Amino acid sequence: MASTAPVRHARKALLWLGIIHLVLFAVLTTGVVLSNTKVIGENAASFEPKLALDLQGGTEMILAPQLEDPNATIDADQLAQAVAIIRERVSGAGVNEAQVSTQNGRNIVVTMPGEISTETRDLIKSSAQMEFRAVLTASSTFTAVPEENRTKDADLPKPTAKADPNNGSDTNWIDAEWTKKFEAWDCLTEMSKTPRTQFAADGPAIACEIDPEAGMAVKYLLGPVEVKGADISSATSGQVTNSQGYNTGAWGVNLSFNGEGTQDFKKVTQRLTSLESPRNQFAIVLDGSVVSAPVSQAIITDGNSQITGNFTQQSAAQLAQQLKYGALPMSFAIQSDQQVSATLGTDQLKMGLIAGLIGLILVAIYSFFQYRLLGLVTIASLLIAGLLTYLAIAILGWSADYRLSLAGVAGIIVAIGLTADSFIVYFERIRDELRDGRSLTLAVENGWSRAKRTIMASKAVNLLAAVVLYFVSVGNVKGFAFTLGLTAVADLVVVFLFTHPVLQILAKTRFFGEGHKLSGLDPSLLGAEPLYRGAGTFRERKDLTEVKAKDRGAVKEAQRRMTIAERKRAEELERRGGGTATAVKDEIEEETRG
């Protein structure tokens, strides 16, 4: 088989497809090895896709709101807001099939597949209400040991509040009442309370920063809230870099504020930068606890800030996720925690897989009946698309906690027909070209140039439908939409990097290139036959007057574009074997490509 330009391009495409599969397999294998050696923590990798609640079972938690008055009523809007925020927290990317609902108009029921870690439980029930307050004063550091061994609080400024405070750093906030309250405040006692003491946003507050590893804590008297946690537009975790851009090895949380938050943050940092210690500190308070109280060293005008402290990679990521998905309007406690069995189970999964296998067999039968041995390309393409989808689902189960539900299986089954449709469009375009008298090599190239636009438009519609369905739905429907979109992408990869390249190579083989009756590309079965077969063989002479009226313009255009040498060659071929100028020119172009 001659190595022509199309064949070389086909081999490169197949090589890239192989590289993609090898990379995905290597990534998954690496994850499995690291999981087995305990390098990776809770979300371990596996060669098998993770299953959702309806197929595996999981854990059900009932969350009860924590209110100072146990008889107080819960506002319906607050409860709906809490459900939405918790759903975002536990779903992450929205593909782990967690379910969040209300119970008795008061409690929230969270059901998640598999075992739930302590970190996830804390993430679900924590209100994560963040506030930014200026530091008015701070106590001396003390050890978390009995009272007689603790150092005493530093002397407090005790001005008389003769005037109203001018800003959040004004010491006029500190009156006799707050001085007494601050001196009596015990961090260990207050931090153990559930719920913790709440302070008004427009007045002073007391909060503690505790380092449990060192057994140390700092007590702060803070001004009113000057930047709200609701003004955070995004939050991510990452390693901290110093002023020279070098990685320090510590972990922090990167915050970005919206327009209002950016302006407030700029105003506060502008004021704090000129103050003395500790009033040049800006405390970041999360649920009554000071996460960090950094010194304001510069005016921040772009609304981007970083929280640093005693973070690990896991705790930084957890805090970023809490802040990213918003603050709950109230705190919750886990009232009950129990394991639940799969709602559908293994039998239904097997039935779904059998349904998919039946669909694949029916597509194979149709392909062989309609396209003879060319149907092998359809089956091979479907298998490769299936392998690509399987590897992607397994990797997403490890990296994004994606879980395959029965709805997701249904999306994959539906995709079998949608994927086969792409191959049918391409094959029919090739057969149309063969009916027009072109050789298989040219029919493959011309058919591809016509079919790929149709295929891309079709997949764009499929992908758009999947994206819209994903974002407007909740629960299991998201799983269906996700797999539908994933298989659409896999279909495009396979058509461009496998189906078309394979046909380019097959067109150069004797079996398919000469149109064997079992190839599915026999011109006589399609109602047409090549004009110039090559190797000195021709079909009967066909005068130009027999060409259909709709093709005459194309024939004249082909004749006009011929070079002198091509025109002489065409005339010679017509004298020897007959044929239209268009077909003869195509044969000449094919010989040139070869």
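Start by selecting Q99 and T111: Q99 stands opposite T111, which sits in strand β3. Bear in mind as you click around that this is a predicted model.

Now widen the selection to the two strands. Strand β2 covers residues 99–103, and it pairs with β3 in the antiparallel sense through five bridges. Together β2 and β3 make a hairpin, with three residues between them.

Next, bring in strand β1, residues 58–66. It runs antiparallel to β3, and six bridges join the two. For a handy landmark, select G58, whose bridge partner in β3 is P113.

Time for some helices. Select α10 (residues 375–399) and α13 (residues 476–506): their axes come within 8 Å and cross at roughly 140°. The two helices are therefore oblique to each other, and their crossing is right-handed. To see the contact, show side chains on α10 including V377, I384, L388 and L396, and on α13 including F482, L486, V494 and F498. What is the make-up of the residues in this contact of α10 with α13: how many are nonpolar, polar and charged? Colour by type and you'll find 16 nonpolar, four polar and no charged.

Methods
Residues numbered from 1 in each chain as written. Predicted model: local features only at pLDDT ≥ 70, side-chain atom pairs only at ≥ 80, totals over all residues. Heavy atoms only, no water. Axes fitted to C-alpha atoms, helices over the stretch in contact; angles between N-to-C directions. Helix = DSSP H or I, 4+ residues; strand = E, 2+ residues; numbered from the N terminus. Parallel < 35°, antiparallel > 145°, perpendicular 65-115°, else oblique. Left-handed = near helix turned anticlockwise from the far one by under 90°. Contact = heavy atoms within 4.5 Å. Nonpolar A, V, L, I, M, F, W, Y, C, P; charged D, E, K, R; others polar. Pairing = 2+ DSSP bridges.
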